[in-house]
Amino acid sequence: MLHPAGRRVIERIVPRIMTSFAIVGLVGASRFAPATRLSDGTRWALLAIAVALGLGWVLIELLKLSLERLVGFRYLHRGRRSRWAWIGLAVGAGLIFVGFVGFAIAHPHHRFRIIETAGVVFILVGGLVAVVAFLLRVFSIFTTASTIGVVLGVASLIVVFGVTSGFEREFQDKVLAVNAHLIVQAYGEADLDELDDIEKRLTGLSGVVQMAPFLFSAGEVMIGRVGANLKGIDLRRGADELRRSLTQGTVEDLVRPATCPLPSTTPPKTTTDVGRIAIGAELARRLHVGLGDCVPIMVPFSSGPSDAPVAYLFKITGIFRMGFNEYDTRIAYASMADAQRLASVRRLVSGVEIRFADPMRALTVGPEVQARLGSPHHLVDWKELNGNMFRALQMQKIVIILILLIIIVVAAFNIVSSLTMIVLSKVREVAILKSMGASSSMVARIFLLGGTIVGLMGTGLGIAYGLLVCLLARFYGYPLDPKVYLIGELPVQIRPEELVGVAAATILIAWVSTIYPSLKASRMSAVEGLRYT
């Protein structure tokens, strides 16, 4: 039989060892696992789990201290119950109820947008009133002010993370819908035979679901009076995205015979020497054309700056809407044969487009592709192709987060001042505790726990309020101008790793802010405290 003291030691040590190994293992996996095994999202998820485990471990160890927890919470607790706090809770609950009823009535049909907007405002205001009233019911006024700062800071961060992550997801989805996951190009000009050779060498590459050649105009051409890019695609293997996006016409119309009236001919004559083209809905609107109309495609600087530009007639056989304003305005599709007509007067960029079952595979498959091809080729993945947009989103997120972290730092200073005031007002009680045998470390733990409780309460309420704002934003569908933002509605996405990161950072800041008041309280002398109070 194991001695009870030994059993208690094992019960204390074994969970700590297991938790330590779990944290180290998760951090090591997220940091050192091969890029082919784990995606960036999985790495961040593992790191978030490790942070959550470490944070939970520290909080459990702190909250085990029952006496320190009891005294610390008593110092934060409101001395007298406030009738106004109960009134505030009732008013907040009433506003939330009225808001939900109005939103539920107006939302399904979007007929009464004013009522729907009023419902959202009522819910948000009622939620904030209820939070303040609840804190006033539990804490003193000074502690409530500190906690509200944490709540607002955390809620702001959650909303910013949700919106910026939503934009990133929307842009990524739209980019993946209209672009290949990986583009392989030979250095220099490549003919169709060389493109066929690239396809043969890459046949059997794991995860590939589609592979097709393409041609792309090296610079803009003039479609009517608007500058755009012309892309030639293989209609059998590379037209799935166009087929899904067409609102008028079919992909097969791009190879059917077509005729166009010749301009400035009397009597009117038609010609069959025309190409066929599919254009975006926004481009069609700007050109004031529709399905079946003919437009000239002019190639500026085709032979040299002094030569007259060459123009070809193309018939519009399809109109598409991809939901990405940049593509709906500046991209036109044609068959490979029609695109090659421009090759004699304007160099075309050629290559092979590859799509994978998992788009993230394109970010790590580069070395394997180069090994299969033998000679160096230019590889462009979907993230590099739209690198400026993704980098701008990331930089915007970082700047906004740094600005909003200032709110939490200010709240941390409020926690410092609040706990310092508590320390100064509890000099006699601290002196009595020390005279009864409490150690300096025990007194320090009391105030450390007090600050941690404020951080936990503020973080929990802030996350809840931030999630409420994000949920309402998602259901409300705040409209955006697609010409500016490229999408028509405010996107929101909540990522668990970002929630964990916000919670960990906030609680850490709150805990650090308690160190100075805790040390100040622990250094008090019992004799001096009793003498002067």
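Q: How many cavities of 30 Å³ or more are there, and what makes a space a cavity?
A: The count comes to two cavities of 30 Å³ or more. A cavity is a set of points, on a 1 Å grid over the protein atoms alone, where a 1.4 Å probe fits but cannot get out. Grid points are joined across faces, edges and corners, and a volume is the space filled by probe spheres set on the points. This is a predicted model, in which local features need pLDDT of at least 70 and side-chain atom pairs count only at pLDDT 80 or more, while totals for chains, interfaces and linings use all residues. Residues are numbered from 1 along each chain as its sequence is written, and side-chain values use heavy atoms, with hydrogens and water left out.

Q: What lines the largest cavity, and which element gives the most to its lining?
A: The largest cavity holds about 120 Å³ of space, and 15 residues line it, with Val178, Lys231, Gly238, Glu241 and Glu353 nearest its centre; a lining residue is one that has an atom within 4 Å of a point. Two or more residues come from each of β2, β4, α8 (240-245) and β12, and β2 gives the most, with three. Helices (H or I, at least four residues) and strands (E, at least two) are DSSP runs, numbered from the N terminus.

Q: How do the residues of the lining of the largest cavity divide by class?
A: They divide into seven nonpolar, three polar and five charged, where Ala, Val, Leu, Ile, Met, Phe, Trp, Tyr, Cys and Pro count as nonpolar, Asp, Glu, Lys and Arg as charged, and the others, Gly among them, as polar.

Q: Which residues line the second largest cavity?
A: The lining consists of Ile158, Phe161, Gly162, Gln493, Ile494, Arg495, Glu498 and Leu499, around about 30 Å³ of space. Both α6 (141-178) and α18 supply at least two of the lining residues, and α6 gives the most, with three.

Q: What makes a space a pocket, and what lies closest to the centre of the second largest pocket?
A: A pocket is an open set with protein on both sides within 12 Å along at least five of seven lines. The second largest pocket contains about 540 Å³ of space, and of its 23 lining residues Asn179, Phe216, Tyr327, Leu385 and Asn386 are the closest to its centre. By class, the lining has 13 nonpolar, six polar and four charged residues.

Q: Why is the pair Cys260 and Cys294 called a disulfide, and what is its handedness?
A: The S to S distance between Cys260 and Cys294 is 1.9 Å, and a disulfide is a pair of cysteine sulfur atoms within 2.5 Å, so the pair qualifies. The torsion about the S-S bond is about -90 degrees, so this disulfide is left-handed. Because Cys260 lies in strand β6 (residues 260-261) and Cys294 in strand β9 (residues 294-299), the pair ties together parts that are 34 residues apart in sequence.

Q: How do you know whether Cys260 and Cys294 are buried or partly exposed?
A: Buried means under 20% relative accessible area, exposed over 50%, and partly exposed in between (1.4 Å probe, protein chains only). Cys260 has a relative accessible area of 0% and is therefore buried, whereas Cys294, at 24%, counts as partly exposed.
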